[in-house]
Amino acid sequence: EQIAMIALVAAAALAAAEPSLAEEAVEAVTEAAQSGDWFDPIVDFNAGIIAGIDDVIENKLGFANTFGLAIIIYTVIIKAVTFPLNATALRSNAMMQLVNPKVKQIQAKYANDKETQNRMMLRLYDDCGINPLGGCLPAIVQLPIFVSLYRAINRLA
């Protein structure tokens, strides 16, 4: 919204400087304001659910001014849905901490031979059933969910 306002002011300045470009500038600003990014469908979905929860609390249960409660309820629902990803990340991190002394031992033993060191660490991870990226991949998956939730709350505010 702020960028659209800045673009509108720039278009007005351009129109004042060169009246023949005024129509093109207004069309460009209108098109830029209407086109969103790839988060917009997810943001709209989240905003709709939050507004729906707010409507249910206000209209069906008879409580007034419950927008904050609707956000809290939806956040709890999102955390419950993403809990399996968090559990996987926590389990992977715990396993990495348990194997960490052996990793340090391998790093010390093969400090001069990086290829053997990497091979031994991969064998250790394979023997223990650990994915070294298992702790960060769930966080990467959850990032768009929480960014869209933040933007939906901003849009509704």
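The side chains of Q142 and N86 are joined by a polar contact of 2.9 Å, a polar contact being a pair of N or O atoms within 3.5 Å; within protein, one atom must be able to donate a hydrogen and the other to accept it, and residues adjacent in sequence count only if both atoms are side-chain atoms. The structure is a predicted model, in which local features need pLDDT of at least 70 and side-chain atom pairs count only at pLDDT 80 or more, while totals for chains, interfaces and linings use all residues. Residues are numbered from 1 along each chain as its sequence is written, and side-chain values use heavy atoms, with hydrogens and water left out.

Q142 itself lies in helix α6. With 7% relative accessibility, Q142 counts as buried; here buried means under 20% relative accessible area, exposed means over 50%, and partly exposed lies in between (1.4 Å probe, protein chains only). Setting aside neighbours within four places in sequence, Q142 is in contact with T82, L85 and N86, where contact means heavy atoms within 4.5 Å.

The chain contains 6 helices and 0 strands, so named because helices (H or I, at least four residues) and strands (E, at least two) are DSSP runs, numbered from the N terminus. Read from the N terminus on, the elements follow the order α-α-α-α-α-α. Of the 157 residues in the chain, 23% are buried. Among the contacts in the chain with a separation of 6 or more, 60% come from residues 24 or more positions apart.

The pairing of α4 with α6 comes next. These two helices pack at an angle of about 175 degrees, and their axes are 10 Å apart; axes are lines fitted to C-alpha atoms, for helices over the stretch in contact, and angles run from 0 to 180 degrees between N-to-C directions. Helices α4 and α6 are therefore roughly antiparallel to each other. The terms are set by cut-offs: angles under 35 degrees count as roughly parallel, over 145 as roughly antiparallel, 65 to 115 as roughly perpendicular and the rest as oblique. On the α4 side the contact is made by F67, I71, Y74, T75, I78, K79, T82, L85, N86 and A89, and on the α6 side by P138, V141, Q142, I145, F146, L149, I153 and L156. The residues of this contact of α4 with α6 divide into 13 nonpolar, 4 polar and 1 charged, with Ala, Val, Leu, Ile, Met, Phe, Trp, Tyr, Cys and Pro counted as nonpolar, Asp, Glu, Lys and Arg as charged, and the others, Gly among them, as polar.

Helix α3 packs against α6 as well. Helix α3 (residues 40-60) and helix α6 (residues 137-156) meet at an angle of about 60 degrees, with axes 8 Å apart. Helices α3 and α6 are therefore oblique to each other. The crossing of α3 past α6 is right-handed; a crossing is left-handed if the near helix is turned anticlockwise from the far one by less than a right angle, and right-handed if clockwise. In α3, the residues D40, I42, V43, D44, N46, A47, I50 and A51 meet I145, S148, L149, R151, A152, I153, R155 and L156 in α6. By class, the contact of α3 with α6 has 10 nonpolar, 2 polar and 4 charged residues.

Helix α3 also packs with helix α4 (residues 67-109), at an angle of about 125 degrees and with their axes 8 Å apart. That angle makes α3 oblique to α4. Here too, α3 passes α4 in a right-handed crossing. The residues in contact are F45, N46, I49, I50, I53, D54 and I57 of α3 and F67, L69, A70, I71, I73, Y74 and I77 of α4. By class, this contact of α3 with α4 has 12 nonpolar, 1 polar and 1 charged residues.

I57, found in helix α3, gives a local view. I57 is buried, with a relative accessible area of 5%. Leaving aside neighbours within four places in sequence, I57 is in contact with G62, F63, T66, L69, A70 and I73. The C-alpha atoms of I57 and L69, 12 residues apart along the chain, are separated by 8.7 Å. In the loop between α3 and α4 sits N65, which has a positive phi of about 55 degrees although it is not a glycine. With 75% relative accessibility, N65 counts as exposed.
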